[in-house]
Amino acid sequence: MSSVKPNHYKIHLEPDLERFTFEGTVEIYLDASEPTGEVSLNVLDLALWNCQVLLQGELKPCRFSVDPQKETVTILLPEKMQGDIAFAVTYTGKINNKMAGFYRSRYVLDGKERFMAVTQFEESDARRAFPCKDHPAEKATFDVEMVVGAAKVAVSNMPIEDEKDLGGGRKRIKFQRTPRMSTYLLFFGVGDFEFIEDPGEVLIRVATLPGVSEQGRFSLEFTRKALSFAEDYYGVRFPLPKLDLLAIADFAAGAMENWGAMTFRENLLLHDPETTSKAGEERICEVIAHELAHQWFGDLVTPEDWKYLWLNESFATFFGFHIVNHYYPEWDVWEHFLHGQTATALDRDGLRENFPIEIPGGDHVVINISTAPIIYNKGGSILRQVEGYVGSDRFRDGLRRYLKTHEYGCASSHDLWEALETVSAKPVAKMMENWIGQAGFPLVEVKREQDRLIFSQSRFTYLPGRWEQKWVIPLTVRIFFEDGKSELIETVLEDETLSVELQKGAAAYKVNDHQRGYYRVRYLEKENLGALGRRISEKSLGPVDRWGLQSDLYALVKRGDVRLSDYAAFLTYYVHEDAFLPLTTMAANLHHLYVVAGGAKADKIASIGAKLFEGALESMGYEPRDEDRHTTSILRDQLLWQAVLYGSEQAAAFARAKFSDLVRGGKVHPDIMRSVMQAGAFLEGEKAYGWLTARFQASPSEHERMNILVALGCFRQKELLERVQEYVLDQVPDRNKFVTIGALAENAHAIPALWPWYLSNQARFETFHPIHYERVLSVIIPYGGLVKEREVKDFFKTYLEKHTKAKDAIKLSLERLEIHARMRRAFNA
Ligand SMILES: [Zn+2]
């Protein structure tokens, strides 16, 4: 770190929403701890005109040189300076269309195309808007001032301090000074915003396009609740006077935690009773809770380096569920957590191409398709494990201590351990370092030898590898006795093996009780798996454990340890399954098998799926009902589509009738809207294409547009699928192109054309936002590459010799392709 630290920035901006340019002046106040002759700042895609330094009360011009490669400008001071240094830089920039830096977002108002200009700076795009020391540890205070059209609304992190009419249809807006904060959390935006607000000690507002602000009501009310929960739990008041939530149409990620001015994709903030499903509603709450948790974990206490980014994202992920669960316990969101977070993490973490949660320094330390499942999903899952280990009260006390100690400053993993150890008197650091500091996770293998259970651990990877890794595993085993009773054994597996005595009369044992631990289990004895299977079919095992057994077994199929026929046989224990968690995962696994296996095997899988899901739909009912459990509403949408896909005539008849209602302008319940549209495309072909694309252009709801984009990936006809490919590139906004591409990669009819499509449009795909380009590669390679493994591998071998673009995504996708190819060979052998 340099000896020159920023203290304060004064930013003046004049955006031009017609030419998409802005003029800026930034005054930067720094402190040099030793004499220095130059100051280096980050800058990207800005044209700097002038730089002056304040020297003995006078402004003196400075020479400067920009290095576009390093994204820096070096400013040469007229003489060596120490202590306070103040200088000003004037510059111009572009309001770009890259969804990064200071960028434009398109919308239509009164039939006219318009644009707003907003910022998205994480991790390192503040430098696209003003020259700065663009690193999270370089905290400073900010004064932001904007000159905008008189009819426009401007928003920043802080409330407006002063507004002045400049005449000529322009006004100057000055915002209050921010607290000390990192550059990546700064926000400013200008557009046609309309607000609804909830005054209170902290003013909460939701900003939308004119005419739809009432769709922000649901979020506004939830935010008030979540804020009071957070202040109470964290023991630190929200430090800013206001909190805005802004809906931004063009948005690369899902949402962003700018301090006091959180930004969201429209469908993650706006709630429209006609088109928002229960799943969508839950997602809105989770995302708001996630961004809200960041106001403390990230904004108030910031990682001292990006390698500690998990301190932001793991906590935000964890509290995204914790807070929602507090207000909506009937939603069973921790079940969703296991399926959406923990299972996703385990799947990513089973690759050889991998990182620990605390990612070693270097170019990997960015949020991308490769790191995100580790930092967010695995990190959140590990925090759940820590909470279990220290107890929920101590966990909360430790977090309070951590936040209080480091507020307005920065922290590392070590600071967190210290806080948790102080309050819990448990060796948290020892327990955690091997979960945070090493890649992967353990496979626990278990077998019975007379009256003992023998456990062993090794790293789980899908493809073979040699690892010398060990974990401190909090191990739980539920023992079932012949008389129907059960008992829990809790121990720690820290060596390679562990032997535990088994009581008399033990009939079966289930490892990882309630799936609290982050590891997979393999039962080396068939008899025990059979005995557990019987407990699945009679449902004496709870849904979470029923889920865990099936989920681990499928991972072992992917790993090549368990035969597909054995897995299929195990699924017969689930014939009467009616719980969300096991069903939703089985649906996902069967679909994965269906796509990967191909040929006659796929038909076999389809017939298993059709039977299972028809039964489940029958018992829950095809039509959504008010009294449905929340998870049932979500499950129905998934199972309905899959049952249609697998050839269920009953499901097809229901979905076809619903789709024709939709086409005739009738209403379909939002909780089955997606599956009805998918089924419409699948069953009706051409007719559905016309309706879906027309509706896509006309729809005012991003929730509905998202459903249409998924449905567009579900056609069977080659000619229609070619039209969809064109439609994606030409008609779908950049922010959402990846949605349909993802759906195409899940469609066995569309998969063969994916690779040729990629090859002939590669340059075009490369212009996508980096996160979206990675998403595209991460589905096109593992699925589109099937049956073309050699060609795809060779192509990227040459590619990676020349490019570093999307390197991590390519490597992990090639590994997934290898796993898929091996599965396909094994199934069809
Ligand atoms: Zn986050």
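Modeller: A helix here is a DSSP run of H or I with at least four residues, and helices are numbered from the N terminus. On that basis, Ala-753 lies in the loop between α20 (737–745) and α21 (754–760). The model is a predicted one.

Colleague: What makes Ala-753 count as partly exposed?

Modeller: Its relative accessibility is 33%. Buried means under 20% and exposed means over 50%, with partly exposed in between. The value for Ala-753 falls between those limits, so partly exposed is the term.

Colleague: How far apart are Ala-753 and Gly-784 in sequence and in space?

Modeller: They are 31 residues apart in sequence, and their C-alpha atoms are 7.4 Å apart.

Colleague: Why does Thr-584 count as buried?

Modeller: Thr-584 has 4% relative accessibility.

Colleague: How do you know which residues coordinate the zinc ion?

Modeller: A donor is an N, O or S atom within 2.8 Å of the metal. His-290 (NE2), His-294 (NE2) and Glu-313 (OE) coordinate the zinc ion at 2.0 to 2.1 Å. Those distances are inside the cut-off, so the three residues count as donors. Water is not among the atoms, so a site may look incomplete.

Colleague: How are the donor residues of the zinc ion spaced in sequence?

Modeller: The spacing is H-x3-H-x18-E. Distant parts of the chain are linked in this way: His-290 belongs to helix α2 (residues 278–294) and Glu-313 to helix α3 (residues 310–327), 23 residues apart.

Colleague: Are His-290 and Glu-313 buried or exposed?

Modeller: Both His-290 and Glu-313 are buried.

Colleague: At what angle do the axes of helix α7 and helix α8 cross?

Modeller: For α7 (residues 413–424) and α8 (residues 428–436) the angle is roughly 145°, and the axes come within 9 Å. The crossing of α7 past α8 is right-handed. Contact residues include Trp-417 and Leu-420 of α7, with Val-428 and Met-432 of α8.

Colleague: What makes strand β9 mostly covered?

Modeller: In β9 (residues 141–149), 8 of the 9 residues are buried.

Colleague: In which sense does β9 pair with strand β12?

Modeller: β9 and β12 (residues 170–175) pair in the antiparallel sense, over 5 bridges. Two strands pair if DSSP finds at least two bridges between them, so these two qualify. Met-146 has Ile-173 in β12 as its bridge partner. With strand β1 (residues 4–16), β9 pairs in the parallel sense over 6 bridges, and there Tyr-9 is partnered by Phe-142 of β9.

Colleague: How many bridges do β1 and strand β2 have?

Modeller: β1 and β2 (residues 21–42) have 12 bridges and pair in the antiparallel sense. They form a hairpin with 4 residues between them, and Phe-20 in the turn has a positive phi of about 60°. β2 is also joined to strand β6 (residues 72–94) by 18 bridges, again antiparallel. Opposite Glu-38 stands Leu-76 in β6.

Colleague: Why do β24 and β26 stand at the edges?

Modeller: The 3 strands form an open sheet in the order β24-β23-β26, with antiparallel pairing. β24 (486–493) and β26 (506–511) each have a single partner strand, so one side of each lacks a neighbour in the sheet. The twist from one strand to the next averages 25°. Between strand β23 (residues 473–481) and β24 there are 8 bridges, and Ile-479 has Glu-487 in β24 as its bridge partner.

Terms used
Residues are numbered from 1 along each chain as its sequence is written. This is a predicted model: local features need pLDDT of at least 70, side-chain atom pairs count only at pLDDT 80 or more; totals for chains, interfaces and linings use all residues. Side-chain values use heavy atoms; hydrogens and water are left out. Donors are N, O and S atoms within 2.8 Å of the metal (3.2 Å for Na, K and Ca); water is not among the atoms, so sites may look incomplete. Buried means under 20% relative accessible area, exposed over 50%, partly exposed in between (1.4 Å probe, protein chains only). Axes are lines fitted to C-alpha atoms, for helices over the stretch in contact, and angles run from 0 to 180 degrees between N-to-C directions. A crossing is left-handed if the near helix is turned anticlockwise from the far one by less than a right angle, and right-handed if clockwise. Contact means heavy atoms within 4.5 Å.
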